[in-house]
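Subject: Structure handover

Hello,

Here is the structure you asked about, with the sequence alongside. My notes follow below it.

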Amino acid sequence: MKVLGVMGSPRIGGNSDILLDEALSGAKEAGAEVEKIILDKLKISGCHDCKKCNETGLCVIKDDMQEIHKKILEADAIIHSCPVYFWAMTAQMKAYLDRWTALFDAEWRWQKAYYPKMKGKRIGLITVCGDPNPHTADPIVHSFKSTADMTKLSWLGAVMASAAEKADIINDKTAIGQAFELGKKASQMQKK
Ligand SMILES: Cc1cc2nc3c(=O)[nH]c(=O)nc-3n(C[C@H](O)[C@H](O)[C@H](O)COP(=O)(O)O)c2cc1C
């Protein structure tokens, strides 16, 4: 059982990072092997929409996303954590998500070779915004939930929290607890 954590904030030790660590602790407690990747430390270009991947399932852009594609395929569950930047996800997270394109064919179905690994894979999300209303992050939830719905991934749900300054989230015991539970759920749910 492998749970992959994908961190979309450039602020290491910040709110998204702390909540993702909690989720991965929950997953570990439930028996999973966990790995965290910090997108900001990697080189990930945006999708070029060249459509070459439609035939091959391989992206022509030679950057760190090649390795991440492998990690996505191997994980049983993926938990993303991302702050709100201008009412949307960060550029790092958007570049990463757009590059999922290589996993699909021209009809936005999983590439045949990837289907057995992607079918029913669990996907969850953590969002943090400076606004006291955590629903400021609804557009990020919409992106990930719609991706899950379109591709028949198994949606684990979203933990949505508010915190502005770095590491403020440690005072939000509810969000910390919810993130931990999300991680546990990621490792417990049966793959369909
Ligand atoms: C470039 C930038 C844009 C931001 N835009 C928003 C925004 O539109 N709405 C909001 O509620 N918070 C916004 N914030 C605040 C962050 O979401 C908030 O500080 C969050 O806690 C950062 O999470 P992190 O510690 O994981 O990086 C913005 C922060 C930055 C740096």
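Two residues count as in contact if their C-beta atoms, placed from the backbone, lie within 7 Å. By that rule, among contacts between residues at least 6 apart in sequence, 77% join residues at least 24 apart. Please keep in mind that this is a predicted model.

Overall fold. The protein has seven helices and five strands. Along the sequence they run in the pattern β-α-β-α-α-β-α-α-β-α-β-α. The radius of gyration is 16 Å, close to the 16 Å that the globule rule gives for 192 residues, so the protein is as compact as a globular protein of that length. Its C-alpha atoms fill a box of roughly 50 × 35 × 25 Å along the principal axes. Of the 192 residues, 41% are buried.

Helix H1. This helix covers residues 15-29, which makes 15 residues. From first C-alpha to last, H1 reaches 21 Å, close to the 21 Å expected at 1.5 Å a residue. H1 is mostly covered, with 12 of its 15 residues buried. Among them are Ile18, Leu19, Leu20 and Leu24, but also Asn15, Asp17, Asp21 and Glu22. Gly26 and Ala27 are buried as well.

What covers the buried residues of H1? The cover includes strands S1 (2-7), S2 (33-38), S3 (77-83), S4 (122-129) and S5 (154-162). Helix H7 (173-188) is also part of that cover. After H1 comes Gly31, which has a positive phi, near 105 degrees.

Regards

Definitions and conventions. Residues numbered from 1 in each chain as written. Predicted model: local features only at pLDDT ≥ 70, side-chain atom pairs only at ≥ 80, totals over all residues. Helix = DSSP H or I, 4+ residues; strand = E, 2+ residues; numbered from the N terminus. Expected span 1.5 Å × (residues − 1). Buried ≥ 20, exposed ≤ 12 C-beta atoms within 10 Å, placed from the backbone. Rg over C-alpha atoms; globule rule 2.2 N^0.38 Å.
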